[in-house]
Structures are given as structure tokens and as C-alpha cells.
Amino acid sequence: MSSGPTTLRPTTASDSAAEPPPFPPALMERVGFLLTMVKGGAEAICTSRLAPLDLHVRQFGLLTVLATEGPRSQQELAEWTRMDRTSMVALVDSLEERGLVRRERNPDDRRAYLLQLTPEGKRIQVRARKVMLGAEEEVLGSLNPGERDLLRELLAKVAADIGRPPPEARART
């Protein structure tokens, strides 16, 4: 732990008297706290931007996975998005009711269904993607392109391991 306050940018003597740090210094050192603040702010921005399309952030995520990865089972989507099955069913039901996705029999397993985007789902996903690029710009506005790339890389690395079994358990499976 550092002995002094952690700040987001270099400060000058005039800054310290005029502008307090955005959060208490002890919290600025806690990654969990910072991630929680960023998640809350980003979610509010994204929710606001998606509202005119009547989409929620998780719905956009599901449409995007289907647009980029093709038809997938609900179970596979739940695992990828780390969503419980009950929430996934409700999410898919809401998208299906709006005509954005459809369930089709899996040709490799007639007991299972694959989710697929409808033409309307594709259209909405394209519009939502443009909206979300603007939201991302708002969220990451204080970072230069190199910092944005580094942040994405580091967050992807952490996100890949969150909720996974420890490495020794993965080696046994």
C-alpha cells in the first residue's frame, strides 16, 4: 500500500486546495471499489443510451454474441455471460416476445434449441452497437487510445478468470 493519496492525474499545488480527490484516498487504492464505481457509471450511461431502443445492457450483450458468434444454445450463452439459467430464460423470453431472437431445434441434438437473431434482431443490434460506441466514448473519454487498449486488455484478462475454478482444478478436468 502506498503511504500517500492515489490520484487519477498529477496534481499541482493549486489543484490540491481547489479540487478534492474524486473519492477518499484509501478507497482509490482498492481495485474492487474502483471497478464498482466504473461499473455503476458505465451501466448508467449505457442504460440511458439504450433506452430509446427499449433495450437493456444484458439484452444488447446477448444480441451482440448472437450477431458475432452465430446461433448458440441458452446454456452456452449463460456460461459465456455468467448468467444463471433462470435469468437467461427470462432474458431470451423478452427478446423472443419482441421478435428479436427465435429458438430453433439444434440439428445436432433434437432435444436442444439454438437461439438465432431474426432480421429485426440484426437491425436492432446494428443500431444498438452504434449507440454503445457512443456510450463507450463517454465512459472512456478521459483515456487516450493506448490507455483504452491497455484497459481492455487488462480487464479481459481479469474477466477471463473471474468465477473460474483455480488453475489446479482446471488441470484435472
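I start with Glu136, which is partly exposed, at 33% relative accessible area. Keep in mind that this is a predicted model. Glu136 makes a salt bridge to Arg152, with 2.6 Å between the closest N and O atoms. That pair connects distant parts of the chain, since Glu136 sits in helix H7 (residues 119–139) and Arg152 in helix H8 (residues 145–161), 16 residues apart. Arg152 is partly exposed too, at 40%.

Arg152 also forms a salt bridge with Asp149, where the closest N and O atoms are 3.3 Å apart. Here both residues belong to helix H8, three residues apart, about one turn of the helix. Asp149 has a relative accessible area of 48%, so it counts as partly exposed.

Another salt bridge joins the side chains of Asp109 and Arg111, at 3.1 Å from N to O. Asp109 is partly exposed at 25%, and Arg111 is exposed at 73%. The whole structure has 12 salt bridges.

Now Gln59, in helix H4 (residues 57–69). Is Gln59 buried or exposed? Its relative accessibility is 5%, so Gln59 is buried. A polar atom of the Gln59 side chain is 2.7 Å from the backbone nitrogen of His56. Beyond four places in sequence, Gln59 contacts Asp54, Leu91, Ser94 and Leu95.

Last, the second largest pocket, with a volume of about 170 Å³. Strand E2 (109–117) gives at least two lining residues, as do helices H5 (74–81) and H6 (85–97). E2 has the largest share, four residues. By type, the lining has seven nonpolar, three polar and two charged residues. Among them are Ser73, Arg85, Met88 and Tyr113.

Definitions and conventions: Residues numbered from 1 in each chain as written. Predicted model: local features only at pLDDT ≥ 70, side-chain atom pairs only at ≥ 80, totals over all residues. Heavy atoms only, no water. 1 Å grid on protein atoms, 1.4 Å probe; cavity = no way out; pocket = protein on both sides within 12 Å on 5 of 7 lines; lining within 4 Å. Points joined across faces, edges and corners; volume = space filled by probe spheres on them. Nonpolar A, V, L, I, M, F, W, Y, C, P; charged D, E, K, R; others polar. Buried < 20%, exposed > 50% of the residue type's maximum accessible area, 1.4 Å probe, protein only. Polar contact = N/O pair within 3.5 Å; in protein donor to acceptor, adjacent residues only side chain to side chain. Contact = heavy atoms within 4.5 Å. Salt bridge = Lys/Arg side-chain N within 4 Å of Asp/Glu carboxyl O.
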